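Me: Please take me through the labels used for this structure, and set each value against the rule behind it.

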Amino acid sequence: MLDQVNVRWWVVLAIVLAAPAALAQTLDTGDTAWLLTATALVLFMTIPGLSLFYAGLVRQNNVLSIFMQCFSITCLVTILWLFVGYSLAFGESNAVVGDLSNFLFKNVSEDSMSGSIPESSFAIFQLTFAIITPALIVGGFAERMRFSAILIFTTLWVIIVYAPLCHWVWGGGWLSSDGWLGSFTGGLMDFAGGTVVHISAGTAALVAALYLGPRRGFPTAAMIPHNLPFTVVGAGMLWVGWFGFNGGSALAANGDAAMAIAVTHISAATAAFTWLVVEWIRFGKPSVLGAVTGMVAGLGSITPASGYVGPAGALVIGLVAGLVCFLATNFLKRTLKIDDSLDVFPVHGVGGILGTLLTGIFASSALGWFGGQEEIAIGSQLLAQFIGVLATVVWVGVLTWVILKVTDLLVKVRVPEDVEIEGLDIATHNERGYNLNS
């Protein structure tokens, strides 16, 4: 009997001593360090990257309102993510939406893991995606939406639209989805947010632009960007930050992350150069604004494909993105006369759709030099990609319209005409971006 007791104690002691070793084997410090770095890069994309990019594109009397909107969205979405966003997006309740088991990060502790990284690092990395998506939508209604309406809209949109869509694509874990789009007809391939971020933001921005109507004077009055150097600096920050956006989505410091960064860079450079050449041919001069807009188109288009395609495939995706998004931008503004103020839909929406569909082609190893490493049937994969695009557009489009209607009933979404003329900086925040007397 005594021997049996001693054996039990030795077993317990062995388990206790082995636990730290097991944890050490599970936790990869290199992966964790890279993800923490990527998290900082993605947050940097919104504040100050996107803030500067957008602020330079609006008129002088609205510059501070853009900074304020991006900054406030960052704060608001952080609180929402802590309360319910993360749990709804990555809980394991069903194929449509997660549960509330991680309300207030209940089960996220220093010891909880998500693969080889701490769950806390995964949760905050995902938070930066949830932040930049509604911040992108700002470009669709810039210079004419009430600040209070933006806060209400963002709250409802993140909880009702973004979190379930995130769950559909990535489900209970990044790249191992329990959501219905991640498993339907073989599974939607969206490495870093072509549907979740870019198509959703682009679609929502288009709906918002249609709902609010054009800015006063559009399209006859010139809506000239007041500070293009702001925009170029912001574009550079977005380009660098996108390495964390796509490379970090590998959730590991490995070859997948390195290739994701490589193809991201190639696509961005190719799309920017394509846009400026097409613009040069079409209008006689290449513009700085065109080059940086093309860069963003290339980044948005490669995002869903970044973990699956090779360098040659990225070159083609960037080339197509630069051309198609240029045509889409001009068609929306000049032909349809829709005032998507900062071109969110033709760049992010169209770019995201394009990249998501092309992922179903260029991820295939059957294309050899121009393909990726995935053993997929292009036909069935294209079907899965198309269903993902269609589901995203319908889900986001319908619910965004409903949320705008609800918000309009509560506070009126559009500012009065006199406020729009005066500018949102003074009317809303009682501040000026520039000292006019200096």
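This is a predicted model: local features need pLDDT of at least 70, side-chain atom pairs count only at pLDDT 80 or more; totals for chains, interfaces and linings use all residues.

Me: Why is α12 called roughly antiparallel to α13?

Reply: Helix α12 (residues 344-362) and helix α13 (residues 378-411) pack at about 160°, and their axes are 7 Å apart. That angle makes α12 roughly antiparallel to α13, because angles under 35 degrees count as roughly parallel, over 145 as roughly antiparallel, 65 to 115 as roughly perpendicular and the rest as oblique. The axes are lines fitted to C-alpha atoms, for helices over the stretch in contact, and angles run from 0 to 180 degrees between N-to-C directions. The helices themselves are DSSP runs (H or I, at least four residues), numbered from the N terminus.

Me: What makes the contact of α12 with α13, and how does it divide by class?

Reply: Contact means heavy atoms within 4.5 Å, and on the α12 side it is made by Ile353, Thr356, Leu357, Thr359, Gly360 and Ile361. From α13 come Ile378, Gln381, Leu382, Gln385, Phe386 and Val389. By class, this contact has 7 nonpolar, 5 polar and no charged residues, where Ala, Val, Leu, Ile, Met, Phe, Trp, Tyr, Cys and Pro count as nonpolar, Asp, Glu, Lys and Arg as charged, and the others, Gly among them, as polar.

Me: At what angle do α5 and α7 pack, and which residues make their contact?

Reply: Helix α5 (residues 147-170) packs against helix α7 (residues 194-212) at an angle of about 145°, with the axes 10 Å apart. The contact involves Trp157, Tyr162, Leu165, Cys166, Val169 and Trp170 of α5, together with Thr195, Val196, Ser200 and Ala204 of α7. These residues divide into 8 nonpolar, 2 polar and no charged.

Me: What makes a space a cavity, and what makes it a pocket?

Reply: On a 1 Å grid over the protein atoms alone, a cavity is a set of points where a 1.4 Å probe fits but cannot get out, whereas a pocket is an open set with protein on both sides within 12 Å along at least five of seven lines; lining residues have an atom within 4 Å of a point. By this rule there is 1 cavity of 30 Å³ or more, and the largest cavity holds about 40 Å³. Its lining is Met45, Ile132, Leu136, His198, Leu238, Trp242 and His348. The largest pocket has a volume of about 830 Å³, and of its 31 lining residues, the closest to its centre are Leu289, Thr329, Lys333, Arg334 and Asp343. Its lining divides into 18 nonpolar, 7 polar and 6 charged residues, with the largest share, 5 residues, coming from α11.

Terms used: Residues are numbered from 1 along each chain as its sequence is written. Side-chain values use heavy atoms; hydrogens and water are left out. Helices (H or I, at least four residues) and strands (E, at least two) are DSSP runs, numbered from the N terminus. Grid points are joined across faces, edges and corners, and a volume is the space filled by probe spheres set on the points.
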